Amino acid sequence: MKLFYLILFFTAGLFNTSNLNFKDESLSEIEIERINYHVNTVREMVYAGPQYNTKIAFLVDMRIKSGKNRFFVYDLVNNKILDQGLVAHGSGSETGTRGELKFSNTPNSNCTSLGRYSIEKCYKGIFGKAYRLNGLDETNNNALKRAIVLHHYSAVPLEEQEYYISNSHGCPMVNEEFFKRIEKIVDNSKSKIILDIYY
């Protein structure tokens, strides 16, 4: 079965340049290159494991400042961004220099952890509905222990801002309306969606 998925992955690569078809002047060429690189790593993972969704992935580019859209809902089949929104990073990731972040997998650090996550079952927490995140890399494998989850919060604005938005305790935290759009995708997926947070 693994051989089938590897053949499928390489066949898809022959007919698919994995170049982002999304036209958005707000994204620089470097940001598009980063998206394309991480789409390829996510695609490699989802084709190797049948438990993952091969059509949709979530990408978060932490090099984009928090007041700008940096959470992307990506169509892996048609190579395009379907939706995008603001997402907070952890307060512990602040370095004192705007735009420069640090990352940690350590409990109680309040930092964002980089890496790929699988989106797990939802639960009701202090912020309402939230999705547990299972860290799949060494850089984020403490996510469940740290209670790092995908959730919404009223302080996160819906529209892009010229200033930085509020921080979380390490969770990817989004606007409630954007969360509702993500929620539909996650709840309608029969397999786990990959969330890749990178810098």
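Two strands count as paired here if DSSP finds at least two bridges between them, and with that in mind I would like to walk through what is a predicted model. Strand β7, residues 149–152, and strand β8, residues 173–174, are joined by two bridges and run parallel; within that pairing, histidine 152 stands opposite valine 174 of β8.

That pair belongs to an open sheet of nine strands with mixed pairing, whose order reads β3-β2-β1-β9-β5-β6-β7-β8-β4. At the edges stand β3, residues 80–85, and β4, residues 87–88, and because each has a single partner strand, one side of each is left without a neighbour in the sheet.

Let me turn to β1, residues 52–61, where eight of the ten residues are buried, so that this strand is largely enclosed by the rest of the structure. β1 runs parallel to β9, residues 192–198, with six bridges joining the two, and aspartate 61 has tyrosine 198 as its bridge partner in β9. With β2, residues 71–75, the arrangement is antiparallel and there are five bridges, alanine 57 being partnered by tyrosine 74.

What about the charged side chains? The structure holds eight salt bridges, one of which brings together lysine 68 and glutamate 162 at 3.0 Å, N to O. Since lysine 68 lies in the loop between β1 and β2, and glutamate 162 in the loop between β7 and β8, this pair ties together parts that are 94 residues apart in sequence. Lysine 68 is partly exposed, at 22% relative accessible area, while glutamate 162 is exposed, at 63%.

A further salt bridge links lysine 129 and glutamate 183, with the closest N and O atoms 2.8 Å apart. Here lysine 129 lies in strand β6 and glutamate 183 in helix α4, so the pair ties together parts that are 54 residues apart in sequence. Lysine 129 has a relative accessible area of 17% and is therefore buried, the cut-off for that term being under 20%.

Finally, Asp83, Glu177 and Arg181 are linked in a network of salt bridges.

Notes. Residues numbered from 1 in each chain as written. Predicted model: local features only at pLDDT ≥ 70, side-chain atom pairs only at ≥ 80, totals over all residues. Heavy atoms only, no water. Buried < 20%, exposed > 50% of the residue type's maximum accessible area, 1.4 Å probe, protein only. Helix = DSSP H or I, 4+ residues; strand = E, 2+ residues; numbered from the N terminus. Salt bridge = Lys/Arg side-chain N within 4 Å of Asp/Glu carboxyl O.
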